[in-house]
Amino acid sequence: MAISLDDLPLRDDLRGRSPYGAPEAKVPVALNVNENTHPIPEDVAHDIVESVARAVLQVNRYPDREFTELRESLAGYLDHGLTAANLWAANGSNEVIQQILQAFGGPGRTILGFQPTYSMHTIIASGTGTTWLDGTRDEGFRISPETVRREIERTDPDIVILCGPNNPTGTPLPIETIEAAYDAARGIVLVDEAYAEFMPSHVPTALTLLEGRPRLLVSRTMSKAFAFAGARVGYLAADPGVVDALRLVRLPYHLSSLTQAAAVAALRHAPEMLAMVDDIKAQRDRIVTTLTELGYEPYETWSNFVLFGGVDDPHGVFEKLLERGIIVRDLSIPGHLRVSAGTEAETTAFLDAMRDIRLGA
Ligand SMILES: *Cc1c(COP(=O)(O)O)cnc(C)c1O
């Protein structure tokens, strides 16, 4: 028998809150949490295992608290003139974001975000006691430079968090909007770039703005493009002073030696790990084209998933897909569902099912 939350001396500000809730369904075609559904290449897997095996032989010792080799590897991967001093990492970018809010947010401080956005942003705000302020987006979930400036002036937040491309909508975040946010804000501007590798390759990311902007923070993850969600590796690029601030709040040795070894090995194979990104982008574009033909209303997306409207009964369509062994995401946005781009076969299974459902088959 478990005691109910109501009967526990829980923090008052956590009462009535819900935990992160993406269903963990074991179905043949899982397109609900924006994973990279392509397994990593087997020879890369073997190299990672060898590196982890070597780390296991020293697991009696605490890991490198500064994870220097990993930070050097991440700097090499990101390029843009960044060095290890600009890099930080944690167990998923969620932990990175939590550390940022621990250092720069907290009780008495505020964070401005723009919903609908990644649900963990509000959950991390509440967990760290940071007050969430809701910004208003433009038509089609966009955020123009004028809008971001207006919302920052209206709310005067300690932290601004922008998600580009945005989850769950896929919406591009213009570089001009990030610049405008930085100029208007007095505090930290954090850009969550979990899907950066799925952007058009010629488009500049927030990394290009880091030079000379010490309050700008860019978080990334190995969970999506790198097909490394299970390993839990997220990271941050920012001014070295920001990295110093995160050292004040992180738990010592927060990145295990096994995680560090696995991530360094994976980064050695970055081109092979990222080989599927082009295919995923092609499947994403096929989803947009086909759903449009079927009369749905997909949004422009620069990520590895598609949000689409024009769904009369999202819950009913979700259930019909599930009957066919396919899971997508029902985000409770009226008339909408979200689907991750899978392998060609998974994507075909989804699109065939959507055609059948549209035709009432
Ligand atoms: C998936 C996702 C993340 C990744 O979180 P990890 O903790 O690195 O797995 C971060 N931000 C957004 C917007 C995401 O969609």
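Which side chain meets that of E300 in a salt bridge?

1. The partner is R142, whose side chain meets that of E300 at 2.7 Å, N to O, a salt bridge being a side-chain nitrogen of Lys or Arg within 4 Å of a carboxyl oxygen of Asp or Glu. Across the interface of domain 1 and domain 2 the rule finds one such bridge.

2. This is a predicted model, in which local features need pLDDT of at least 70 and side-chain atom pairs count only at pLDDT 80 or more, while totals for chains, interfaces and linings use all residues. Residues are numbered from 1 along each chain as its sequence is written, and side-chain values use heavy atoms, with hydrogens and water left out.

3. The domain assignment gives domain 1 as 24–36 + 272–359 and domain 2 as 42–268, with bounds that come from an automatic or database assignment. The C-alpha centres of the two domains lie 26 Å apart, and their contact (heavy atoms within 4.5 Å) takes 21 residues from domain 1 and 29 residues from domain 2.

4. Between them the two domains bury about 2,200 Å², 67% of it on carbon and sulfur atoms, where buried area is the accessible area (1.4 Å probe) that two parts lose on being put together, summed over both. Of the area that domain 1 buries against domain 2, M273, L274 and W302 supply 35%, more than any other three residues.

5. Eight residue pairs, both members at pLDDT 80 or more, are in polar contact between domain 1 and domain 2; the term denotes a pair of N or O atoms within 3.5 Å, one able to donate a hydrogen and the other to accept it, with residues adjacent in sequence counted only if both atoms are side-chain atoms. On the side of domain 1 that touches domain 2, α9 (270–273), α10 (277–293) and β10 (305–309) each supply at least two residues, and the largest share, four residues, comes from α10.

6. An open antiparallel sheet has its three strands in the order β9-β10-β12, helices (H or I, at least four residues) and strands (E, at least two) being DSSP runs numbered from the N terminus. Because β9 (297–298) and β12 (337–340) stand at the edges with a single partner strand each, one side of each is left without a neighbour in the sheet. Strands β10 and β12 pair over four bridges, pairing requiring at least two DSSP bridges, and F308 stands opposite L337 in β12.

7. Elsewhere, β3 (residues 110–114) and β4 (residues 131–135) pair in the parallel sense over five bridges, with D134 in β4 as the bridge partner of G113.
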